[in-house]
Amino acid sequence: MTGERRPMPVAQHHAHAGTGAKILILTDYYLPGYKAGGPLRTLSNMVDCLGDEYRFRMLTRDRDLGDTEPYQEILADSWIPVGKAEVRYLSPQALSLRSLRTLFQDTEHDTVYLNSFFSPAFTIKPLFLRRLGLIPRVPFIVFPRGEFFLGALSNKRLKKRAYLGLARMLKLYQGVIWQASSTSEEEQVRRWFGKQVSVVVAPEFPSVIYKAKKGPSLREKVAGHLKLVFLSRISRQKNLSGALTMLKDLRGEVQLNIYGPLEDKKYWLRCQKIIDSLPRNVQVRYWGSVTPDKVIDVIANHDLFFLPTLGE
């Protein structure tokens, strides 16, 4: 197993910011983090694409997913220009209701964009403050990012369903605008919050970096040998255990390389037991996290990208 590699600190420069509506984004993780995977990247892509038209300000944690130490060389609890956005990296003590209320009151904004449904600090607390009338009354956009699909809800099922019931009873989401990445996600939102709610179907922004980059050459498949890659967070929703179980009856030489942060360490122990039970023709290795600039090259060095997630 190789150690996890950390990217260099995010460049502290400010590209031209938009002069239009001021959008306050709340998200658990942002650049220079990378372990949260897709949601972080699509959010940075949105800022890159729309940052000349809108003014983005962002509240996020001062550390990456699973890290106990903050980012190096980044000043917490201060506004820092990052690309086409201004980002405030919040220390743990800055995530209290009182601190968040002060931030909302002191930060000029026209719209609030919540990048999750179940995030305690960056979704639930702001909506609670909104419900009590303690922060400015502006439009709220909520993007659940697949969290309503059955596969995602199966993880911590009782806790999530209890919160869903409580949120509806307290009307925490009353009057918000929902974003769905597909019509199937729209159906899930209406299933939980009613057919009358406002839902906008808007696919996530693709990476403008990868589109401009010449792709690597394709790997040549060798008969009798299958080289697979699983590249994602190690969590129940991403279904690594299911992927491993599917390999048990395969013939020929099978190699599975796993990349991604250990978000759920108990789940990883379960996966390791499955790995130990696999036949000799199936070899599995875990390589830790991979930085975004290496993702395309890693995938290109395999025959198949294998990610049987539970919610998609």
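Me: How do you know which residue of S5 is the bridge partner of Ile-25?
Reply: In S5, Ile-25 has Tyr-113 as its bridge partner. This is a predicted model, where local features need pLDDT of at least 70, side-chain atom pairs count only at pLDDT 80 or more, and totals for chains, interfaces and linings use all residues. Residues are numbered from 1 along each chain as its sequence is written, and side-chain values use heavy atoms, with hydrogens and water left out.

Me: What makes S1 and S5 a pair?
Reply: Two strands pair if DSSP finds at least two bridges between them. Strands (E, at least two residues) and helices (H or I, at least four) are DSSP runs, numbered from the N terminus. S1 and S5 have four bridges, in the parallel sense, so they pair.

Me: What joins S5 to S6?
Reply: Three bridges do, and the two strands run parallel. Tyr-113 has Ile-141 as its bridge partner in S6.

Me: Why is the unit of S5, H3 and S6 called right-handed?
Reply: A crossover is right-handed if, with the strands pointing away from the viewer, the path from the first strand over the helix to the second runs clockwise. S5, H3 and S6 make a β-α-β unit of that hand.

Me: Which way do the S5 side chains point?
Reply: Thr-111 and Tyr-113 point one way, Val-112 and Leu-114 the other. In a regular strand the side chains alternate between the two faces of the sheet.

Me: Why is Ser-116 called buried?
Reply: Its relative accessible area is 11%. The limit is under 20%, so Ser-116 qualifies as buried. Ser-116 lies in the loop between S5 and H3.

Me: What makes the approach of Ser-116 to Ser-119 a polar contact?
Reply: A polar contact is a pair of N or O atoms within 3.5 Å; within protein, one must be able to donate a hydrogen and the other to accept it, and residues adjacent in sequence count only if both atoms are side-chain atoms. The Ser-116 side chain reaches the backbone nitrogen of Ser-119 at 3.3 Å. The backbone nitrogen of Phe-118 also lies 3.3 Å from a polar atom of that side chain.

Note on methods
Buried means under 20% relative accessible area, exposed over 50%, partly exposed in between (1.4 Å probe, protein chains only).
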